Amino acid sequence: MKKKMFFIGSCSLFLFSCAVAQPKGKPEDTEVYTPVPKVVTPGKIAFETPPSDAVVLFDGKNLDEWVLTSDPSKPATWTVNDGVLTVNKAAGNIETKRSFGNYQLHIEWRIPATITGKNQARGNSGVFLASIGKGDAGYELQVLDSYQNDTYVNGMAGSIYKQHVPLANPARKPGEWQSYDVAWTAPTFNDDGSVKSPARVTVFFNGVLVQNDVALLGPTQYIGKPSYSIKHGAAPIKLQAHGDPSEPISFRNIWIRPL
Ligand code: MG
């Protein structure tokens, strides 16, 4: 029985990785380059302390609320120093211990002032608004240096990766702290696994509206069209350790208000 279950598990994992690894087409097929969102200089925003009912996910001290995505039984081994959380690319993605349905999320991030690289290989990370499996499975709000860094516009900072282009580009210079404020409505599913209501998201980037209650077509797909192929409930928030060779980015002041 054990053996059989193992077989079924490996088989479905195998099928899943097949579906992810070998979809039809090329990554370039789903890249969008125009129109380019207008550049907006954001206003000054002070460090925002969490409201009284927030669940604080990172307060600058430790990663007690986080685990490794590759093995949630293990602590998140990214670097905490001086109140700042920095990506450890070797450790891979990290995600929250807790799962969330609908919520309001605040998160701040900083591209290193010394960042190198270009296009998608310049400070690439991401906030997965719901993590629904290992690796990059989930719904990605892209994090990238988008200050004078051209790339496909549905892959710039503030985009819902390869689904929704941001309404504007309020990116700050590398070295400066930036913020995302997100209102997330989780998708719901019918008993047969089909989607009942799609995920919806509103995003403010440095206080500027960049996603206005957009509906998602499904979890993020690097290649091919997204669709709701996996029925899921409440899910962790996940941060991306992207494999690009540029210097790792940092996060701070992460809090969430479940709705
Ligand atoms: Mg990313």
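Leaving aside its neighbours within four places in sequence, which residues is W184 in contact with? Counting contact as heavy atoms within 4.5 Å, W184 meets G101, N102, Y103, L129, A130, Y139, A199, R200, V201 and L216.

Before going further, a word on the model. It is predicted, so local features need pLDDT of at least 70, side-chain atom pairs count only at pLDDT 80 or more, and totals for chains, interfaces and linings use all residues. Residues are numbered from 1 along each chain as its sequence is written, and side-chain values use heavy atoms, with hydrogens and water left out.

**The core and its rings**

Buried stands for under 20% relative accessible area, exposed for over 50%, and partly exposed for anything in between (1.4 Å probe, protein chains only). Strands here are DSSP runs (E, at least two residues), helices are runs of H or I with at least four, and both are numbered from the N terminus.

The structure holds eleven aromatic pairs. Rings of Phe, Tyr and Trp (its six-membered ring) pair if their centres lie within 6.5 Å; planes under 30 degrees apart count as stacked, over 60 as edge-to-face and the rest as tilted.

| Pair | Centre to centre | Angle between planes | Type |
|---|---|---|---|
| W109 and Y180 | 5.4 Å | 55 degrees | tilted |
| Y180 and F205 | 5.1 Å | 65 degrees | edge-to-face |

W109 lies in strand β6 and Y180 in strand β9 (residues 177-185), so their pair ties together parts that are 71 residues apart in sequence. F205 belongs to strand β12 (residues 200-205), and its pair with Y180 links parts of the chain 25 residues apart. W109 and Y180 are both buried, and F205 is buried as well. Elsewhere, ring pairs join F100, Y103, Y139, W184, F189 and Y228 into a cluster.

A ring can also meet a charge. The charged end of K238 sits over the ring of F128, 4.9 Å from its centre; the test is that NZ of Lys or CZ of Arg is within 6 Å of the ring centre and within 35 degrees of the ring normal.

**The sheet**

Five strands form an open sheet in the order β2-β5-β14-β7-β8, with antiparallel pairing. Two strands count as paired if DSSP finds at least two bridges between them. At the edges stand β2 (66-68) and β8 (138-143), each with a single partner strand, so one side of each is left without a neighbour in the sheet. Even so, six of the six residues of β8 are buried, so this strand is largely enclosed by the rest of the structure.

Strand β7 (residues 125-131) pairs with β8 over five bridges, and S125 stands opposite V143. The two strands form a hairpin with six residues between them, and G133 in the turn has a positive phi of about 160 degrees. Strand β5 (residues 94-96) and strand β14 (residues 238-239) pair over two bridges, with I94 and L239 as bridge partners.

**The magnesium ion**

Which residues coordinate the magnesium ion? They are N124 (OD1), S125 (O), E140 (OE), Q142 (OE1) and Q240 (OE1), at 2.2 to 2.3 Å. Donors are N, O and S atoms within 2.8 Å of the metal (3.2 Å for Na, K and Ca); water is not among the atoms, so sites may look incomplete. Along the sequence the donor residues are spaced N-S-x14-E-x1-Q-x97-Q. Both E140 and Q142 are buried.

**Backbone details**

Most residues other than glycine have a negative phi, and most peptide bonds are trans. The peptide bond from T34 to P35 is cis, with omega near -10 degrees; P35 is in the loop between α1 (2-21) and β1 (55-58). N206 has a positive phi, near 55 degrees, and counts as buried at 2% relative accessibility. D213, in strand β13, also has a positive phi near 55 degrees, but this residue is partly exposed, with a relative accessible area of 40%.
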